[in-house]
Amino acid sequence: MIRAVIAGGLALVLTARFTTAEPLTIKIGYIGRAEKKTTISLLDLAPDNDGLAGVRLALEDNNTTGKFLNQHFSLEEARIKSGTDPTDIVVQFADQGISFFIVDLPADMLLKVAEIGRQRDLLFFNAGAIDDRLREEDCRPNVIHTAPTRSMLADGLAQYLVFKRWPRWLLVVGSHEADKLFAEALHRAAGRFGAKIVQQRVFEDTGGARRTDSGLAQIQRQIPLFMQGAPAHDVVVAADESEVFAAYLPYRTREPRPVAGSAGLVPKSWDPAHDQWGANQLQNRFMQSFSRRMNALDMQTWSAARMIGEAAARVASGDPQAIFTYMKGPEFALAAFKGQKLTLRDWNLQLRQPILLADGRTIVSVSPQEGFLHQFSELDTLGIDRPETKCRLK
Amino acid sequence: MPAQIAVEVGTTMWRCVSFGLCVAAVLAGEAKAYKAYVSNEKSNTISIIDTTEKKVVGTVKVGQRPRGITVTKDQKYVLVAVGDDDTIQMIDTASNKIVDTLPSGPDPELFIDDPTGRLLYVANENDNTVTIIDIERRARIGDVEVGVEPEGMGLSPDGKILVNTSETTNMAHFIDTTTRQVVANILVDARPRFAQFKDDGSELWVSSEIGGTVSVIDPVKRAVMHKINFLVPGMRQEAIQPVGIAITHDGKTGFVALGPANRIAVIDATTHQVQKFLLVGQRVWHMAFTPDEKYLLTTNGVSNDVSIIDVAALKVVDTIQVGELPWGVAISQR
C-alpha cells in the first residue's frame, strides 16, 4: 500500500516510525581496486578503505534519510586486481538484484563493466578514473562520472596560476602514460587561460624504490642538477601521477620557485583539510566512523552514493531508470560541501564540481576563479565544454 | 548615510515647528533604543549595537565559533551557540558578561526558545539530533532523532509544532513538542538552513541554500504549497543561496537573505512574488527586526558589517562595521 502511494508520487509527507511496511531496498555495489599505488610520501599512502569509506558514510547518510521515507540502502563490496576480468563480479552482483554500481577501476576495465551492464540495464558511477576519453570519444550512456577529469583539474590549477600572475610554467613530465595525459591537459589549460609553458622536461622513471636506507642525500643534489639551465619561469608545474619525482621538487628546485600540479599546490576534488561550506560536519562524521579524514576518492564515491540516495528520495522509487532520468534532469542538485550545487553535464554525464587547490595543509583556493565567466555555468570553465565535446551518448 | 537620516529628522522638526508640535513629534518619530547582538563567527565575539545610535556600543568575547544567537524571553540573557566548544553560552544582558553555559549536544548551531521561555530546542549538527534544554535548570531533558546535519529551527506560534531542517537529508521534520516525536517529514530543496513560521501560524517558510529556493509549507496539510525562486539579473544561479528569513508580524512582507548574491529579497508574503532586491553587504546570512519593526538588521559575513534596512521604505539606510565574519543577530525587546 505504502509503495503504491510512493509510486504515485503523492507521498510528499510520510509519517516516520509509524510505517510498518517493508522498506523499499535499493542495492548498491562497490567495485574497487585491489592494489595500492606506491607513493613518495608515507602520508600519501592510501588507507585500506580509501573510497570504500566514502560509500559507507553515504550509505549511512542515505539510510538516516531513508528511515523517514521507508527506503533502505544496502551495499555489496568487491575489489579486483588491475587487468583481471571484471565480468564475474558484475554478473554476480547483478544476479543479487544490484542495479547501481560505484566503480573505482582503470579506464579499460570500466569500459568493460559498462559493456556488460548495458545488456542488463545497470548504471555505473565512475568514481576513480580521471581520463578525459571516458567522457569524450569513449563516453557511455550508462556511466556517470563523479571523479573530475584531468582537464578539469588542470583548468582549475591554471586559472589560479593565471590569477596569481604566474604565467610562465616550467613543465616537468614523468615518463608514464598517465603523466603524459596530465601534461596534455596542462598544455590545453595553459593555452586556454593565457599561460605559457616555457619549457617541458621529462623525468625518466628509471625504476627503483621510493624508500631507501641511504635516504635523501642524493635527491638533494639530483633535483637541482636536473633543473639547471631552464629558461626564466614563475612556477614549476609537475605532471607525475605515477609518484616518481614530483614530491621531491618543492624546496629542491634550482631557482626559488613554487611547485604546482602533482606536488606543491595540487588540484583535487576534495582534501582532508577541506572544512568550508559545512564540510567540517562531513569531516567530523567521517572521522567518527573511520578515524581518519576524508580523501578525494572518498568524496567521489560518497557523491555517487549520495546521488543515488538523493534521486531515490525525490522520485520516491528504487527504479533505476526513474532515478537515472531524475539525475539527468534540471531539478537534480547535489549538495556536496563545495559552496554550490553540483549537477550533471547532460552531454557526457560528468558531475560539474569546483576544484580545490590544496597544499597538503590547507585549501589555498577553490576554482573556478572569479572573473572566468561562462554563459551557462562557471563550473563549465573547467574541463572540456559542450561545444568541444566528442561524446555522443547512445 | 547618517546624513540622510539627519535631514529627515530636520525636515520633521521644521514641519513640527511650523505646527507648534515640535517636541512631541520628534519623540514620537524617534525609534526606541534596542540592543542588537551580532555573533562574529571568526573573531569569537559578540558585537552589541545600539539600534538608535546605529553604532557598536560594546563587544563581548565568547567561545569558539559563535553562530546561533537569541535573547531570552525575560530579556535577562543572550544565548549564543559556540559550536567548536560544543556548548551554548549565556551572556547577562545587564553586565554583558558570560555567566553560565547550557548543555547542548556537540556542535550546536541554531536554536529556538518556546513561547514560555522555559525550553530551548537546539540543532546539534554533529549527531543528527535536536536537543531539548530546560533553560532555568540548565539541564538537557530530551533528544529527538532527526535527519543528517540538523540546522534550521522553527516553532509554531502556539508552541505545539517544532520544525527542524536537516541539511543533508533535505527535509523539514515536524516534531510534536508534547510527545517529542517526529510526526511528519517534508522534502524540500537541497541544504535547507532556516525555518520561519508566520506569526499567525498559517505558513512555514524553509530556505534551501544549495537548491536556491524557499519552500512555502502549509503547516496543516504538511505539504509544500509553493516554491519561491530568485532571479537576480546578471547574477549566476549558483550564487543565489537563500539562508535567513524574516516575516513581518502582519504576515504581509517576507525578507530572504541570498548569501553570496549579497542581496535581501523582499517578497509579497501573500502572493509569494519577489518584489525587489536590496543590495546589502557581502555574503548575507541572517537578520532580525527591531521590536517596533522599524528596522531590519542583516549580518554580512564577508564584508564584516551589518546593514540596516528601513522596513517601511524598503531601503538600506546604514551600514555598521562589526567583528570578523558576522553570522547571527538577535535584538532585545526593550
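Of the 394 residues of chain A, 49% count as buried; a residue is buried if 20 or more other C-beta atoms lie within 10 Å of its own, exposed if 12 or fewer, and partly exposed in between, with C-beta atoms placed from the backbone. This is a predicted model, in which local features need pLDDT of at least 70 and side-chain atom pairs count only at pLDDT 80 or more, while totals for chains, interfaces and linings use all residues. Residues are numbered from 1 along each chain as its sequence is written, and chains are lettered from A and ligands numbered from 1 in the order in which they are written.

**Chain A as a whole**

- Chain A contains 10 helices and 13 strands; helices (H or I, at least four residues) and strands (E, at least two) are DSSP runs, numbered from the N terminus.
- The radius of gyration of chain A, 22 Å, is close to the 21 Å that the globule rule gives for 394 residues, so the chain is as compact as a globular protein of that length. The radius is taken over C-alpha atoms, and the rule is 2.2 Å times the number of residues to the power 0.38.
- The C-alpha trace of chain A spans about 75 × 50 × 40 Å along its principal axes.
- Among contacts in chain A between residues at least 6 apart in sequence, 68% join residues at least 24 apart; two residues are in contact if their C-beta atoms, placed from the backbone, lie within 7 Å.

**Helix α4 of chain A**

- The buried residues in α4(A) are A:Met109, A:Leu110, A:Val113, A:Ala114 and A:Gly117.
- These residues cover an arc of only 140° around the axis, which puts them on the same side of α4(A). The arc is that of the directions from the helix axis to the C-beta atoms.
- An α-helix has 3.6 residues a turn, so residues three or four places apart point the same way.
- The cover over the buried residues of α4(A) includes α3 (87-95), β4 (100-103), β5 (123-126) and β6 (143-145) of chain A.

**A parallel sheet in chain A**

- Four strands form an open sheet in the order β8-β7-β9-β10 (chain A), with parallel pairing; two strands pair if DSSP finds at least two bridges between them.
- At the edges stand β8 (196-203) and β10 (259-261) of chain A, each with a single partner strand, so one side of each is left without a neighbour in the sheet.
- From one strand to the next, the twist averages 30°. Axes are lines fitted to C-alpha atoms, for helices over the stretch in contact, and angles run from 0 to 180 degrees between N-to-C directions.
- Three bridges join β9 (residues 235-239) of chain A to β10(A) in the parallel sense, and A:Val236 has A:Val259 in β10(A) as its bridge partner.
- Helix α6 (residues 177-193) of chain A packs on the sheet and touches β7 (168-174), β8, β9 and β10 of chain A; the direction of α6 makes about 165° with that of β7(A).

**Strand β6 of chain B**

- Five of the six residues of β6 (residues 87-92) of chain B are buried, so this strand is largely enclosed by the rest of the structure.
- Strand β5 (residues 77-82) of chain B pairs with β6(B) in the antiparallel sense over six bridges, and B:Leu79 stands opposite B:Met90 in β6(B).
- Strand β7 (residues 97-102) of chain B runs antiparallel to β6(B) and is joined to it by five bridges.

**Contact between the chains**

- Chain B gives 25 residues to the contact and chain A gives 20 residues.
- The largest share of the side of chain B that touches chain A, six residues, comes from β15(B).
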